[in-house]
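The following note is written for a colleague who is meeting this structure for the first time.

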Amino acid sequence: MRWMLVALAVGFLALFLVLPLLAVFSEALRRGVDAFLAAFTEPDTQAAIGLTLLVAAIAVPLNLVFGVAAAWAVAKFEFAGKSLLVTLIDLPFSVSPVVSGLVYVLLFGAKGLLGPLMDDWQFKIIFAVPGIVLATIFVTFPFIARELIPLMQEQGTAEEEAALTLGASGWRTFLTVTLPNVRWALLYGVLLCNARAMGEFGAVSVVSGHIRGLTNTMPLHVEILYNEYNFVAAFAVASLLAGLALVTLGAKSILEWRYGDSLARVHRH
Amino acid sequence: MSDAALSGWLPRVRKPSALPGFGLTLGFAVSYLSLIVLIPLAVLVARAGELGLDGIWRVATTPRVLAALEVSFFISAAAAAVNAVFGVIVAWVLVRYDFSGKRLLDAAVDLPFALPTAVAGIALAALYAENGWIGSLFAPWGIKIAFTPLGILVALIFIGLPFVVRTVQPVLQDFDREVEEASATLGATRRQTVFRVVLPGLTPALLTGVALAFARAVGEYGSVIFIAGNMPFISEIAPLLIVTKLEEFDYAGAAAIATVMLAISFLTLLAINGLQAFSRRRFGHA
Amino acid sequence: MAIEHVDLAVQPGELLALLGPSGSGKTTFLRLIAGLEAPTAGRILFGEEDATRLAVRDRRVGFVFQHYALFRHLTVAENIAYGLRVRPRRTRPRDKEIRQRVADLLDLVQLRGLDKRHPAQLSGGQRQRVALARALAVEPRVLLLDEPFGALDAKVRRDLRRWLREVHDRTGHTTLFVTHDQEEALELADRVAIFNRGAVEQVGTPDDVLDRPATAFVAGFVGEAVRLPVDAAGSWIRIGPHQVRTPEENVAGPAELFVRPRDLVIARPGADAIPARVICVRRSGTSRRAELSLSDDLPTVEIELADGRTVRRGDVLPVVLATVRLFTSR
């Protein structure tokens, strides 16, 4: 019974999780290493990589600041409407990625609510980088906050109060007591947030306009190459993203094994 | 906003505390949440609202939209059901058995969370196409997987698995072994213990996990469109139809379908919260 | 817990216990002094200085938290030095002085050699002492301890209690500590403030609160008293079917009589003796006690037995009240 179940589980995971991963690398190397590497010399591919890095570099820090601020308010204070706030923070996770992009099109698009205003100001959000950044922030919104909130609630306020009685200022207390206590959870949240920010497809696809070299992120570029039947290049770029996923998983697992005690005990994705 | 400016009205809604920064952090968090999430979602609902309830109904019940919603709904449910079975088996194996490579397997479960959906999409399409590693095994029997509803099912199983495993796993971990031992001392066979004691204890977590997987599957886009074939009335999912409407500049139509989908995910979310509240009351854990 | 109308003057250098049942407001009171809670009305004075509106960090109180609240990511030495290192540069001691102060405090709390450990690597008693050293490092004007021994086992509790008294006598800090353990409060403190429902019932030396309880609550809470409902009439009280003479003449009408084991003595049958039936005999620590019934409709009382006195279940003993603690029923 035992070995049957293990075999069943391993077989299922191999079929549904491991095999697709292998397929990415196998397809990318189908025509050899040279063809694989050639994909990255394409200026459009390089532009897509650059844009993906830029978007993550903006979205992740913003959500980090939000996550820390929200966690401080929620975990360290009692106030009316707190559970509503926590529910609302998780909201983006239950919204389809396509809808996450759509809301910004309805807001800033040519026929959107603020579209005419954007026209007057000569400021493009939709089919431009700002829209991609906004959509990415939306879909990665809860990652860091939801790591920090349960952990900081578990930790309570006694250590902060102790620091205050010892003469530390509020800011100093945060930097020397709160932040060190949540550093691994923070890193954990940033890892997940970053992986999603770099890999987001649906939301970004709706707002991007797919302008090669300008508004194509890596996942969008994969789609374009794939639809042009340029499979080797598509899978080459995809393998870079898969590599990022593997690094994220590895780092996440290390954090869980080594610092499991200093992460929130309850996780849901 | 400074603490001082807020202190006028805060004492009534907030328990006093010696820690500083409440006004600043809450003010920032709420403003950011409103600007990024709440206002845009409100605009979406308002836009759909321009059509009126009967307008939304008309859009949602046009044959093509209805077909797409049905495809999304039923295949998501089927994928969630498959994941319910295999998710419990995987969680059981990971919690109860020790074998080499277990940690690797445990880490791999999160792959669908970490792998960009577009990458998963093209990988699955390549695997299950007629000339792919797996698709070629089925082709001789005339079974096509990629570019049919079966392909959508495969993608949604991939996307939903970690939700079930990761909600069941911790509950199984905390499951009191003494309860099982008690069952054995009362004369139950192993099979009876598992089916009468352990599995009923896991049910709330399992339902929660299945609901989460379902909610995610209904909205999923990236991993599906590459393998789906996207044939109207057969393998076209609701999120893709939103994109199509947008490309036709039919904003109101897109907003209407999006609103219906939002309603589905909120109902699912509500069901999940209800489940968890029930389970906390009844069993003391979520 | 809300507290009201607490007027408490603490003498410089004294060791004051705040004693009361849980939820009586004693911890809230301690946190008010520290500035961790803000009073809606009233004032907090440190000597002549009004500290009511002073921020926590400016009060210079040493607070020892119930579960110590040690900084888990810092070593023992870093924990103790924290309050000195967060000072503004002008008033911050030099590194060398800080190290010296930490070393001195480690000696004081007998933890020399553990300075590199993290809190998780310490026993409960050791953590408690680190927390105390950390609070003392800032040279507080007042030392506040919230249930300082609450989380420790009985043996460690007793040792630490004696040790805390020594430290207090050596350093001379004005010290307030919260406890729900009356033995702890009575043994350790110069004076005890008894809290009940957010108010102070009595402040006095351990002898005061034990021998001269000011209120019925204090009489019932301190010592192991049994409360008997009685009728008082001038110099007589009626306990069930029995009439007893009392020196307490100011109470009349329905009243409560508080009886501790030592208040009862076995006497010759006669005038004031109440015939009490022995329910059972048991040991309590090193002493032997008999549980007595004065009347079927009254709670049973206990009496301490002299060594060598044999008493059996069912015996009827003549007892008299050596001490009378009588309060009008509320």
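Predicted model: local features only at pLDDT ≥ 70, side-chain atom pairs only at ≥ 80, totals over all residues.

**Note on the chains, their interface and their charged pairs**

1. A salt bridge joins B:Asp110 and A:Lys252, whose closest N and O atoms are 2.1 Å apart. The term salt bridge is used here for a side-chain nitrogen of Lys or Arg within 4 Å of a carboxyl oxygen of Asp or Glu. Across the interface of chain B and chain A the rule finds one salt bridge.

2. Residues are numbered from 1 along each chain as its sequence is written, and chains are lettered from A and ligands numbered from 1 in the order in which they are written.

3. How many residues of chain A does chain B contact? The contacts involve 84 residues of chain B and 86 residues of chain A, a contact being a pair of heavy atoms within 4.5 Å. Chain B and chain A bury about 7,700 Å² between them, and carbon and sulfur atoms account for 82% of that area. Buried area is the accessible area (1.4 Å probe) that two parts lose on being put together, summed over both.

4. Chain A contains 13 helices and zero strands, so named from DSSP runs numbered from the N terminus (helices: H or I, at least four residues; strands: E, at least two). The C-alpha atoms of chain A fill a box of roughly 65 × 65 × 35 Å along the principal axes. Of its 269 residues, 59% count as buried; buried means under 20% relative accessible area, exposed over 50%, and partly exposed in between (1.4 Å probe, protein chains only). Among contacts in chain A between residues at least 6 apart in sequence, 73% join residues at least 24 apart.

5. The secondary structure of chain B consists of 15 helices and zero strands. Its C-alpha trace spans about 65 × 55 × 35 Å along the principal axes. Chain B has 286 residues, of which 56% are buried. For chain B, 69% of the contacts between residues at least 6 apart in sequence join residues at least 24 apart.

6. Chain A exposes about 10,300 Å², with 67% supplied by carbon and sulfur atoms; for chain B the accessible surface is about 12,700 Å², with 66% belonging to carbon and sulfur atoms. These areas come from the Shrake-Rupley method with a 1.4 Å probe, and for residues only the protein chains shown count as cover. Chain A carries 16 positive and 18 negative side chains, and the centres of the two sets lie 5 Å apart. In chain B there are 20 positive and 18 negative charges, with mean positions 7 Å apart. Lys and Arg count as positive and Asp and Glu as negative, while His and the chain ends are not counted; each charge is placed at NZ of Lys, CZ of Arg, CG of Asp or CD of Glu.

7. Over all chains, the count comes to 47 salt bridges. In chain A, A:Glu27 and A:Arg30 meet in one of them (2.9 Å, N to O). A:Glu27 is buried, because its relative accessibility is 14%, whereas A:Arg30 is exposed at 52%.

8. A:Lys76 and A:Glu160 form another salt bridge, with the closest N and O atoms 3.2 Å apart. A:Lys76 lies in helix α3 (residues 43–76) and A:Glu160 in helix α9 (residues 158–165), so the pair ties together parts of chain A that are 84 residues apart in sequence. Both A:Lys76 and A:Glu160 are buried.

9. Chain C also has charged pairs. C:Asp208 forms a salt bridge with C:Arg212 at 2.9 Å between the closest N and O atoms; C:Asp208 is partly exposed at 24% relative accessibility, and C:Arg212 is exposed at 52%. A network of salt bridges links C:Glu224, C:Arg262, C:Arg282, C:Arg289, C:Glu291, C:Glu302 and C:Glu304.

10. Is C:Arg59 buried or exposed? C:Arg59 counts as buried, because its relative accessibility is 2%. This residue sits in the loop between β3 (49–50) and β4 (61–64) of chain C. Beyond its neighbours within four places in sequence, C:Arg59 contacts several residues, among them C:Leu32, C:Phe46 and C:Arg141. C:Arg59 and C:Val142 are 83 residues apart in sequence, and their C-alpha atoms are 9.3 Å apart in space.

How values were computed: Heavy atoms only, no water.
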